[in-house]
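Trainee: Could you take a close look at one part for me, the nonpolar core, and show how it sits in the rest of the chain?

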Amino acid sequence: MRFAQIIDFETERIEDMEALMRERRDAMSGRAGGPARRLVLRDRGNPDRYLVVVEFGSYEEAMRNSEDPATTELAERIAGLCTRAPSFTDCDLVSEDDFR
């Protein structure tokens, strides 16, 4: 079953945050077991609040990725750019529709 993690955070430095994400994406390119997709959403009512949805092939893949020391380092760097500590929500993907 596919798995997604939602990361809820606030930052005034989204450009720096995106640079970290690009760095991580480039380092993981072509590597099995990493994230399959990432969505970055900005809260229209609070422009410093963001939700990031990271999708994995399975919960097990996500946990292996979470245990990677590079993921821990990235999480610490991200937290340093936040104005409040990020919160995490773990979700199993039950269904999806594509309306295109």
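Mentor: The core and its setting

Going along the sequence, the chain reads β-α-β-β-α-α-β, with helices (H or I, at least four residues) and strands (E, at least two) taken as DSSP runs numbered from the N terminus. The radius of gyration is 14 Å, close to the 13 Å of the globule rule for 100 residues, so the chain is as compact as a globular protein of that length. That radius is over C-alpha atoms, and the rule is 2.2 Å times the number of residues to the power 0.38.

A word on the model: it is predicted, local features need pLDDT of at least 70, side-chain atom pairs count only at pLDDT 80 or more, and totals for chains, interfaces and linings use all residues. Residues are numbered from 1 along each chain as its sequence is written, and side-chain values use heavy atoms, with hydrogens and water left out.

Now the core itself. Buried residues (under 20% relative accessible area, 1.4 Å probe, protein chains only) account for 28% of the 100 residues. A nonpolar core is a set of buried Ala, Val, Leu, Ile, Met, Phe, Trp, Tyr and Cys residues joined through side-chain atoms within 4.5 Å. The largest one has 16 residues, and Phe 9, Met 17 and Ile 78 touch the most other members. Strand 1 (3-10), helix 1 (14-28), strand 3 (49-56) and helix 3 (69-81) each give two or more residues to this core.

Zoom in on Met 17: leaving aside residues up to four places away in sequence, Met 17 touches Phe 9, Thr 11, Ile 78, Leu 81 and Cys 82, where contact means heavy atoms within 4.5 Å.

Conventions. Buried < 20%, exposed > 50% of the residue type's maximum accessible area, 1.4 Å probe, protein only.
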